[in-house]
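Here's a quick briefing to read with the model open beside you. Have the viewer ready and we'll go through it topic by topic.

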Amino acid sequence: MRRLRTLGDLGDLFGTTVLVRCDFNVPLENGRITDDLRITATAPTLRELRDKGATLVLCSHLGRPKGEVVDRFRLDPVAERLSEVLEKKVKKLDQVVGPEVKAAVIGAGAGDVILLENLRFEPGETANDPAFADQLASLAGRYVNDAFGAAHRAHASVVGVAERLPSAAGRLMQREVEVLSRLLEGAEEPYVAILGGAKVSDKLGTVNALVENVDALLIGGAMAFSFLAAAGGQVGRSLVEPDRFDEVRRAVGTAEEKGVLIQLPEDVVAAPEPSLDAKRETVRADAIPSNLMGLDIGPRSVEEFARTIADARTILWNGPMGVFELEPFSAGTRGVAKAVAGAKGFSVVGGGDSLAALRKFDLLDAIDHPSTGGGASLEFLEGRQLPGIAVLMDDTA
Ligand code: ADP
Ligand code: MG
């Protein structure tokens, strides 16, 4: 058996300095945070550590600055929002490591919160460079990782530091691992998974893993068209990935062998292109006119999907049902979001766009577990070992 180390394993934290890897990779528009779920979700860990008398040194990446300083990816907006959430002024530094950082950390007292600059301004972060990991580790006596969204990356702040300091998972990481582990084995049945989004290639690994576990797999979004086309359907100009059709057919075959219901949309909302003023038509999903593309699941599909979702005791949803960003193609995603939010089963939703859709429809609060990891939750559900989690585990007898 393997067991995740948690905050209790770190001993007495009074007077210690704890380096906390957070996932503050929040969506920004013109320097404003448009969704602060990742900030609020890690706050319980930070409050608990402060209550225990620790000094906190927080670190995170934001965007992809590729190893150099990019002003629009500075963490100042995060520090501002986090100060409000914690009701405590967060001291934001303009460097990741170095003498100024060292001095600020030495000068901090119990309960103080320091936020380092964007980790990915340093090339050593993604390279898991030993010298950079040493520098980060030298700032603290303990390490806590609460950045589930980065757990699939073997970066310095995720793996390197955990190897250098007494380390444990924060409460958010702990809950993500507990909830998602239950989806891998021991989920209450019926267990229904809903997958959507743009690219079937992103999610085939998840499909293959889920057919081993779920009772029904509902497929919407553009990825549905690869399933429909692989089975001989006419999908017009819908997004498909023909090089994946064989793999799709294999997944469908496995599902049949295992008695897993694969539910595809019966009808779709189609248009010549994804635009606000495009002329829409609701058509059969496997008979889309050659000049149109499927951009949302249709009303009959929503009804059928909702029926399956209502009977489920466990629900996993990842990926919108259509181009929900455009109002004319948002009804399918809204319908499924309502079904998931209203279902009595335990609901888990992952994926940045799926969570954005729930927030837009004001249904996020009705989800039992909004997962903060997009790519990380999918990799976890594929049954893969995530490096950032493996390094926080102990072997037990
Ligand atoms: P998530 O972030 O929840 O994991 P993805 O990133 O996989 O979801 O996919 C989200 C994107 O998929 C959205 O931008 C949405 O517009 C797009 N999408 C969904 N359905 C279609 C479709 N039928 N055609 C084109 N794009 C689609
Ligand atoms: Mg996305």
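Which residues does S301 touch, not counting residues up to four places away in sequence? In this predicted model, S301 touches P265, E266 and D267. We'll start with that serine and then move on to ligand 1.

**Around S301**
- You'll find S301 in helix α11, which runs over residues 299-311.
- S301 counts as buried because its relative accessibility is 1%, and the cut-off for buried is under 20%.
- E266 turns up again here: the S301 side chain reaches its backbone nitrogen at 3.0 Å.

**Who surrounds ligand 1**
- Ligand 1 has 19 residues around it, and the closest are K203, G294, E325, D353 and S354.
- Sorted by type, that shell has 7 nonpolar, 9 polar and 3 charged residues.

**Polar contacts to ligand 1**
- E325 has a polar side-chain atom 2.5 Å from an oxygen atom of ligand 1.
- For D353, a side-chain N or O atom sits 2.8 Å from a ligand oxygen.
- N318 also has a polar side-chain atom by a ligand oxygen, this time at 3.4 Å.

**Cover and contributing elements**
- On its own, ligand 1 has 590 Å² of accessible area, and the protein covers 82% of that.
- Two elements give two or more residues to the shell: β15 (293-297) and α13 (352-360).
- The most comes from α13, which gives 3 residues.

Key
Residues are numbered from 1 along each chain as its sequence is written. Chains are lettered from A and ligands numbered from 1 in the order in which they are written. This is a predicted model: local features need pLDDT of at least 70, side-chain atom pairs count only at pLDDT 80 or more; totals for chains, interfaces and linings use all residues. Side-chain values use heavy atoms; hydrogens and water are left out. A residue is near a molecule or strand if one of its heavy atoms lies within 4 Å of it. A polar contact is a pair of N or O atoms within 3.5 Å; within protein, one must be able to donate a hydrogen and the other to accept it, and residues adjacent in sequence count only if both atoms are side-chain atoms. Accessible areas come from the Shrake-Rupley method with a 1.4 Å probe; for residues, only the protein chains shown count as cover. Helices (H or I, at least four residues) and strands (E, at least two) are DSSP runs, numbered from the N terminus. Ala, Val, Leu, Ile, Met, Phe, Trp, Tyr, Cys and Pro count as nonpolar, Asp, Glu, Lys and Arg as charged, and the others, Gly among them, as polar. Buried means under 20% relative accessible area, exposed over 50%, partly exposed in between (1.4 Å probe, protein chains only). Contact means heavy atoms within 4.5 Å.
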